[in-house]
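Q: Got a structure I'd like to go through. Can you take my questions one by one?

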Amino acid sequence: MDTKRLSALDGLRGIAAIAVACFHYFYHYHHEYGHSFEVPEWVRIGYFGVHLFFLVSGFVIFWTLSRSNTASTFIWSRFSRLFPVYWVAVTITFLVINTIGPADRHVSASELLVNYTMLQGYLGVPHVDGVYWTLTLELSFYFWMLMLMLFGQLQRIEYWLLGWIGVAVLVQASGLNEMLPMRVKFVLLLDYIGLFAAGICFYRIKSGTANRLSYAVIAASIVSAFVAYPMEFAVLIAGWHALFYLAVSGKLNIFASAPFVFMGTISYSFYLIHQNIGYTIINWGYQFKTSPFISITIAFAVAFFLAIALTFLIEKPAMKYLRKLDLSSFTAQKIRAKVGLRSSR
């Protein structure tokens, strides 16, 4: 497979980011605070942009693993991609919501510090921004993929994924899912493993390393959606699978067009910065008797331009700089230096 960035994949990221933002600014804001206009129920489908993100994540992580010679290379790759811009976005969001944001969104400085770890969801600490719940879920996925890598199981990944999805389906079908603590479900990825798994197998198909079980995993992922969700949402998730397959197969080139690709490029920063800052803008709009449609437009614009700034001033430069560092050789040099220092005493 061409190791260059897949443009269609960026396009799908862009679609997912816009869908999630529409859900938050229209449906979720209305649920939390109330809009002055009626929000159609169908707008709720924007929430399922998250599911498309998880499909993309499965694809990208297995792609990263295939190019990582060591566990430290994989960890460093994920750290350089996720954390630097996340730290900046968390800080900006904290400052905005604690000064001019809705009171119910305020968090303390100590809670901010915990958020810097990205583990707040497992520690019972509120997220600085509600969208960060998906990041703690992503960390669980990275952990399990790292374990499979360390134990040499990546070539047998389909067996593990089929078993994993099977357990998740049994938990859902038995009603046990409602009894499990959220942290347990997050650690074990019980609600979303099908999506990550399908993304992995789409990578296997794209890279020419798929087998019959790869297709079985994708089918199992779709079946698990019909077990976990009402019919209309399960159909939507099945549609995401079809869309993803067509996009990475080069059959939907529209997703590789410049606007989609650009939105995909800034999608991570956009996702990190959009929700609570957007709610603040919309809330202020209501206070000053501004049309909510104007406020929502401003919220989109602010999130868009902040995302551009974060992507090109923080995310990309930090990632480029950090990935130039050879973590393993750097560590080895430090160890040799310490040994040499001790031996000279």
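Q: Which residues form one aromatic cluster?
A: F54, F74, W133, F141, Y142, F186, Y192 and F196. Rings of Phe, Tyr and Trp (its six-membered ring) pair if their centres lie within 6.5 Å; planes under 30 degrees apart are stacked, over 60 edge-to-face, and the rest tilted.

Q: Before we go on, what am I looking at?
A: This is a predicted model: local features need pLDDT of at least 70, side-chain atom pairs count only at pLDDT 80 or more, and totals for chains, interfaces and linings use all residues. Residues are numbered from 1 along each chain as its sequence is written, and side-chain values use heavy atoms, leaving out hydrogens and water.

Q: How many aromatic pairs are there by that rule?
A: The count is 40. One of them is F54 with F196, which is tilted, at 4.8 Å centre to centre and 40° between the planes.

Q: Where do F54 and F196 sit in the chain?
A: F54 is in helix α2 and F196 is in helix α9 (residues 193-207). They are 142 residues apart, so this pair links distant parts of the chain. Helices here are DSSP runs (H or I, at least four residues), numbered from the N terminus.

Q: Is F54 buried or exposed?
A: F54 is buried, at 1% relative accessible area. F196 is buried too, at 0%. Buried means under 20%, exposed over 50%, partly exposed in between (1.4 Å probe, protein chains only).

Q: What about F304 and F305?
A: That pair is edge-to-face, 5.5 Å centre to centre with 80° between the planes. F304 is partly exposed at 28%, and F305 is exposed at 54%.

Q: Which charge lies over the face of Y142?
A: R78 does, at 5.7 Å from the ring centre. The rule needs NZ of Lys or CZ of Arg within 6 Å of the centre and within 35 degrees of the ring normal.

Q: New topic. Which residues touch the most other members of the largest nonpolar core?
A: F59, Y86, Y132, M145 and F244, out of 103 residues. Helix α2 (residues 49-66) gives the most to this core, with 12 residues. Such a core is a set of buried Ala, Val, Leu, Ile, Met, Phe, Trp, Tyr and Cys residues joined through side-chain atoms within 4.5 Å.

Q: And how many disulfides?
A: The search finds 0. A disulfide needs two cysteine sulfur atoms within 2.5 Å. As for cysteines, C201 is buried at 0%, while C22 is partly exposed at 26%.

Technical notes: Helices (H or I, at least four residues) and strands (E, at least two) are DSSP runs, numbered from the N terminus.
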